[in-house]
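Hello,

Here is the structure we talked about passing on. Please open it and keep it in view while you read the notes that follow.

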Amino acid sequence: MNTSLVAQRRFRSARGLHALLAAIALAAVIPPAAANTLNQNASWTIDRAGTSTRYRIVAYGDSIYAGYNGSVYNAAKYTAPTVDAEYLSAKWNADIESVRRTKSGAVASDIYHNKIVAERNHMQASHTRVVTFEMCGNDGLQARSAFKSQTGTCDYSVMTRAENSCKTYVAAAMDFINANAYPGTKVKAITTLYYPGYDADNVQSSCRDATTGGTVNLRDRFLPALARMNYWMCEYARLKSFQCMDSFAHFMGSDYDSNGDGKVDNVALRYVAGESESSYVTRITSTLKSTLRDANAHFVSSSATYDYIQSDNTHPTYSGGTITSGVFGGSSGSGPPRYTTFSYGKNPIWNQYGHERIGWGLSTKNPAAP
């Protein structure tokens, strides 16, 4: 056998072994329900029959937009932005390329600097029409973990730091996208945070409040902090010409009127443009708190539920298979839309999976024409 060919095969084999060992090593240090600082870039094009016109959605974010599913090798194919691409394909009668530049486990500052700023070229392409991002989930998760591990006197500053960082980088991200996205971009949108582990957090802390000397309810401490982060996402969106997709309302509020106030729960929970922070936080943490439900059992009616959260109690459920995205690099591909028509602007599974729900929510912000 040709010695050069043997050498090439040995090199490829060694390279593959090194990659596999690296993957195993990385997997070993990733707790199943924890953030993992894993780059998960991918793209998928909705290839619609009868058209060659192509537009682009660019999505920046962490494990939510990445479609993280517990694997270091692959991720959900139909994450929320790709679900939105399918809606856009039908609305515009065009091929829609969904580009994800994401990093699972990344905090807001990381997403801003290393995805939105460092990889701005993806939103500068002339066929870009939608730019969307999400961040701050890992800031909140890390603060929650830090607070849960506290003993002695409770230190609430860990949550305050997470809130402040979130506000800083959400505003910076919107300013940067406004200044750098292709001028023909039609929609710029942010999605808010839902509350993973809402029921699990309804327990007392191990630390004690400095004033009362007693333990505190974890959920009662975390909910106002999350509400303030979400408020500023939507308020900055209003001030900076972004759309705000209120994932919190869509995940945590039922699709029917559970308290008899004349409003469907998820509608009543949504951010109202121009309202004050105190008004919004009071509505979420007090006035309508009784209507909040853990998204592991999202009520689509008074008698029917769907699970919006995977078994890790953190990431959204999805439909439609997976694509390579992780330690072996990202992937790109294309395929026909799963659905070609939408009754009342909704696909048949719009409210059955977490990613489908966010994707449909994003689609309601889409313009009639590109």
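**Helix 5 and its two partners**

Helix 5 (residues 137–148) packs against helix 6 (residues 157–180) at an angle of about 175°, and their axes are 9 Å apart. Please keep in mind that this is a predicted model. An angle over 145 degrees counts as roughly antiparallel, and helix 5 and helix 6 are therefore roughly antiparallel to each other. On the helix 5 side, the residues that meet helix 6 are Asp 139, Ala 143, Ala 146 and Phe 147. They meet Val 158, Met 159, Ala 162 and Ser 165 of helix 6. By class, the residues of this contact are six nonpolar, one polar and one charged.

Helix 5 also packs against helix 7 (residues 218–239), here at an angle of about 155° with the axes 12 Å apart. That angle makes helix 5 roughly antiparallel to helix 7. The crossing of helix 5 and helix 7 is right-handed. Helix 5 contributes Gly 140, Arg 144, Phe 147 and Lys 148 to the contact, and helix 7 contributes Leu 218, Phe 222 and Met 229. These residues divide into four nonpolar, one polar and two charged. Phe 147 is listed in the contact with helix 6 and also in the contact with helix 7.

Next, find strand 7 (residues 187–191). How many of its five residues are buried? Five of the five are, so strand 7 is largely enclosed by the rest of the structure. In a regular strand the side chains alternate between the two faces of the sheet. In strand 7, Val 187, Ala 189 and Thr 191 point one way, while Lys 188 and Ile 190 point the other way. All of them are buried, Lys 188 included.

Strand 7 is joined to strand 6 (residues 128–133) by four bridges, and the two run parallel.

**Met 245**

Leaving aside neighbours within four places in sequence, Met 245 is in contact with Ile 190, Thr 191, Thr 192, His 250, Ile 358, Gly 361, Leu 362 and Lys 365. Met 245 and Asn 69 are 176 residues apart in sequence, and their C-alpha atoms are 22 Å apart in space.

**Helix 3 and helix 11**

Two of the residues in contact with Met 245, Ile 358 and Leu 362, also belong to the contact between helix 11 and helix 3. Helix 3 (residues 80–92) and helix 11 (residues 354–363) pack at an angle of about 50°, with axes 7 Å apart. They are therefore oblique to each other, and their crossing is right-handed. From helix 3, the residues in the contact are Ala 80, Pro 81, Val 83, Asp 84 and Tyr 87. From helix 11 they are His 355, Glu 356, Ile 358, Gly 359, Trp 360, Leu 362 and Ser 363. This contact has seven nonpolar, three polar and two charged residues.

Regards

Methods. Residues are numbered from 1 along each chain as its sequence is written. This is a predicted model: local features need pLDDT of at least 70, side-chain atom pairs count only at pLDDT 80 or more; totals for chains, interfaces and linings use all residues. Side-chain values use heavy atoms; hydrogens and water are left out. Axes are lines fitted to C-alpha atoms, for helices over the stretch in contact, and angles run from 0 to 180 degrees between N-to-C directions. Angles under 35 degrees count as roughly parallel, over 145 as roughly antiparallel, 65 to 115 as roughly perpendicular and the rest as oblique. A crossing is left-handed if the near helix is turned anticlockwise from the far one by less than a right angle, and right-handed if clockwise. Contact means heavy atoms within 4.5 Å. Ala, Val, Leu, Ile, Met, Phe, Trp, Tyr, Cys and Pro count as nonpolar, Asp, Glu, Lys and Arg as charged, and the others, Gly among them, as polar. Buried means under 20% relative accessible area, exposed over 50%, partly exposed in between (1.4 Å probe, protein chains only). Two strands pair if DSSP finds at least two bridges between them.
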